[in-house]
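Hi,

Here is the structure I said I would pass on. Have a look at it first, and then read on for what turned up.

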Amino acid sequence: MRSSPIPHLITRPHANCPEPSRLDARLFRRNRGQAMKSPNFQSVVSQFFEYESTVVVRWPLPFIIIPPLLTVSIVTLTVTNFHLNVTNDTLQVFLPDDMQSLRDLKELLHLFPPRDAQRDTYSIFGSKFVYTVIEDERPEENILSTDGIHRMARLHKFVMGLETIQGDSVSSNCLKNRDDEACTMHPIAFALEDDTPEFAIQFLLRYPSLKFGDFAIDNALVFGGVKVEPKSIDRDGNSPIRSSKAVRLTYILETGESTERWIDLFLHAIPRYKEANSTILWSSSKSLAKEMERNGELLIPWMPWTSLVLVVFCMFACSSFHAVKSQPFIGFFAMFNATMATIASTSLLIYLQYPFLPLVFIMPFLVVSIGTDNMFLMLKSWRMTKKGSCEEQRYIDALTESAASLFLTSLTDGLSFAIGSISDFHAVRVFCTYCAMAILFMFLFQVTFFNAVMSLCCRREVDERHPVFCCIDAAPSKETKILKQQKSHDMASRVANLLFRALNPWPSRLVVLLIFLIYLFTSIHFALGLPLGLDLKLLAPDDSYVSKELEAQERLFADYGGFCFALVRAENISLRDPIVRRDLMELYRDLGGSDYSSPAEFWLEPFEKQFHGRKFSTSDFSDQLHTFLAKEPQLKFRNDIRFTMAGEIEAMKMMFRVRKLGKDNDAPRAEYMRSVMAASRFSGFVYDTSFLLVDQQMTTVYNVIIDVVSAILTMLCICVLMVPRPVSAVCIAFAILSVNIGVIGALAATNTRLDIISMITIVMSVGFSVDYVTHTTFHFVIQRENRLEKCLHVMTEPILQSALSTAIGVSLLSFVHSYIVRTFVNTVFFVVGLGILHGLIFLPVLLDTIVPISEYMVAYERHQENERDQDVYGFL
């Protein structure tokens, strides 16, 4: 038995190796000569990492100790000064920083600060509210029956009766216009508090509104699934309600901590409320934000299981029938290294108070998968080096080769996320920054910590120690016939041989070409039909009450939506002129004269009815206008006119009712109303909350194109540096573009929308696709003969292993019922599948067909004593 191997593994060079000073001198001379023979980027990178690997191999202990200590230090700093910078503006994080509708909203808020929560509904980011929807499930589908009204009354009294421990309730937190007034609620809520609500409600049943002289009650947002008496329409277009399938009760609240506590109580209590023959739906001002956070919470339970599965897979994949050559610890520490990098990078960004989103919880699954891919590259490099007289140089050679490969992989993946980190979208920027930082940490830890661990594992193999109990000598291996067959004809070699025999004949290449053309045509066909725009229902988990409520809103309340607004700047117009007022009224009627909007309120309409086109002097107009606004029911118009300090009208506001609610009608509404405003002689704009999503849709398309093109061009620059050959570079570009077209087409085929979630995954797929095609191309052009066969023999095993580990890393997430998570999982699977097809079939055939034999590249030759010309397939 040998003595304990630990000191030997860490400090003692191999007996046949030259002294360090002599070795350094020889390395320097040979590196200098090699640099003159192969002055390319790949050689420069390899030379740098040869020196770095030399230091790691000789002194592994500092590199094993420092990265974990650094991680612990960062985590300690973060925990002692923990502050999670989470934004509460749920919708804004999915919007670009600057677009037309956002600029319009800011101007609208500046000129007309919200004062009436029921009318000034453009202040969507600050208002507090809850509402319930009760839908009748009986065959007659009429919640306005006597029994249905009593069910409504019980639901209303339940909500009004909710009270926190601190005494917070609707009554104490509801919005009031004055301190002595009752809560700002629809009259139907007060009617439901009556002892006989069925009688009180009968006086309110007109649709879409109820008018008493100059007093109007808006019923459009209260009654859903309405059937009216068409023969009883009054002159204002309102009809008696014959039946209503659902009723929505809204409670508008003041802003404050007590309101937040009461909303939390409401969201906790309302799911347990049941009514016979009724479906109860609900939502609040904070519901979408809380449900989006639940996407991240759904991922947390899967993290330990995914880690366990990946650890078992990696340890099994690194093992062998030959006990000495088994390297289970390499698989374990690959997972440990990726986990450590994820924790360190996330903790650092949180310590720097960089914004955090629940979307970031997906990042560890991606980073861990990338880390395991890199581990297979490193292990492949070690197993393909030949035994020589200097085992220390063998460690350096293997780590040098793998470090250069990791540099390319990490550079392409990191740059693809870095491009996303400068996106106009807050959510994209945050997610990609966390991913880019994690990849940076993982690369630094891999070329230090993991290289040091791997060098010790390799020393253990050379000294023929047990793969688990390193202090014990392994039993002598019995080279049975089965073991010899397994060594010379493993699964990867059989697959490589099979691929070569299948792809080498010319008829097979024609079949591959035909399959590729079918694939490309199908992908483009689906990609052109990719649905556009963000659907709010998809931001919450599949079983979310928010998604159900939004779906019911489109189904039951689609005829009438909320208000949209037109702002007219009045600096250069004179409202004293009746012609100007007439033109404004025509604009008002035109804007509300489509199927997508109808007139709601404009102060000039009752003003003109009172004065009948009268021409005013300056002082007379001012006096009449202020008198007009000082009386009921015109008091509500006071926030529809903006006056300057001199008393002149600076701007005015028109209100319209949204019709045909739903994402399919948002873009036509925006196009029509904006075109009408642009065609008028007035300066101004039209704003509706849905315009944010319309503009976001167009901005998303533009950003996806810009980001993908930028990412592809950046990746090509890196690839051309690594493979500086023109035809090969064109093949790489074509393959990257083909993979991403296929990913977009596959996403469209699975009903994924082009929104910022898919935008992140598409940018991510650019970096991932480079790993497959660049390595294949590099190992093709460094061969002088039998290029296709040698390339497939080198690339088949690592591509299949990395693809399998990546798929395993995210496979468990397919059980998470969330559109956001499902989009990431689908993208990873599509990239993996298409990467295998391109890396092992399409691209090798293309390269072998069009790349001339003269397009050859000398790979970086590792420096070994007496073995400089050995024929070893390097693995980049």
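Let me start at one residue: Asn751 counts as exposed, with a relative accessibility of 64% (exposed is over 50% relative accessible area, buried is under 20%, and partly exposed is in between, using a 1.4 Å probe and protein chains only). Asn751 sits in the loop between H26 and helix H27 (756-781); helices (H or I, at least four residues) and strands (E, at least two) are DSSP runs, numbered from the N terminus. The phi of Asn751 is positive, near 65 degrees, in a residue other than glycine.

Before you go further, some housekeeping. This is a predicted model, in which local features need pLDDT of at least 70 and side-chain atom pairs count only at pLDDT 80 or more, while totals for chains, interfaces and linings use all residues. Residues are numbered from 1 along each chain as its sequence is written, and side-chain values use heavy atoms, with hydrogens and water left out.

Back to the backbone. Most residues other than glycine have a negative phi, and most peptide bonds are trans. Glu141 also has a positive phi, near 50 degrees. You will find Glu141 in the loop between E1 and H6, partly exposed at 35% relative accessibility. Gln353, which follows H13, has a positive phi near 60 degrees. As for peptide bonds, the one from Tyr207 to Pro208 is cis, with omega near 5 degrees. Pro208 belongs to the loop between E2 and strand E3 (209-212).

Next, the salt bridges (a side-chain nitrogen of Lys or Arg within 4 Å of a carboxyl oxygen of Asp or Glu). The structure holds 34 of them. One joins Glu135 to Arg555, with the closest N and O atoms 2.9 Å apart. Glu135 is in strand E1 (residues 128-136) and Arg555 in helix H20 (residues 545-556), so this pair ties together parts that are 420 residues apart in sequence. Glu135 is buried, at 8% relative accessibility, whereas Arg555 is partly exposed at 39%. Both residues also belong to a network of salt bridges that links Glu135, Glu141, Lys245, Glu551 and Arg555, so Glu141 turns up here again.

Another salt bridge is formed by the side chains of Arg154 and Glu275, at 3.0 Å from N to O. Arg154 lies in helix H6 (residues 146-161) and Glu275 in the loop between helix H10 (257-269) and strand E7 (278-284), so parts that are 121 residues apart in sequence are tied together. Arg154 is partly exposed, with a relative accessible area of 42%, while Glu275 is buried at 12%.

Then there is Arg206 with Asp234, a salt bridge of 3.4 Å, N to O. This pair links distant parts of the chain, 28 residues apart: Arg206 is in strand E2 (residues 206-207), and Asp234 is in the loop between strand E5 (223-228) and strand E6 (239-253). Arg206 has a relative accessible area of 22% and is partly exposed; Asp234 is partly exposed too, at 28%.

Pro240, in strand E6, is 34 residues from Arg206 in sequence but 4.4 Å away in space, C-alpha to C-alpha. Leaving aside neighbours within four places in sequence, Pro240 is in contact (heavy atoms within 4.5 Å) with Leu205, Arg206, Val228, Glu229 and Ser232.

Now a helix. H24 (residues 663-679) has 17 residues, which at 1.5 Å a residue should span 24 Å, and its end C-alpha atoms are 25 Å apart, which agrees (the expected span is 1.5 Å times one less than the number of residues). Which residues of H24 are buried? They are Asn665, Asp666, Arg669, Ala670, Met673, Val676 and Met677. Seen down the axis of H24, these buried residues fall within an arc of 145 degrees, so they line one face of the helix (the arc is that of the directions from the helix axis to the C-beta atoms). On the other side, Asp664, Glu671, Ala678 and Ala679 are exposed. The cover over the buried residues of H24 includes helix H21 (578-591), strand E12 (683-687) and helix H25 (689-722).

Cheers
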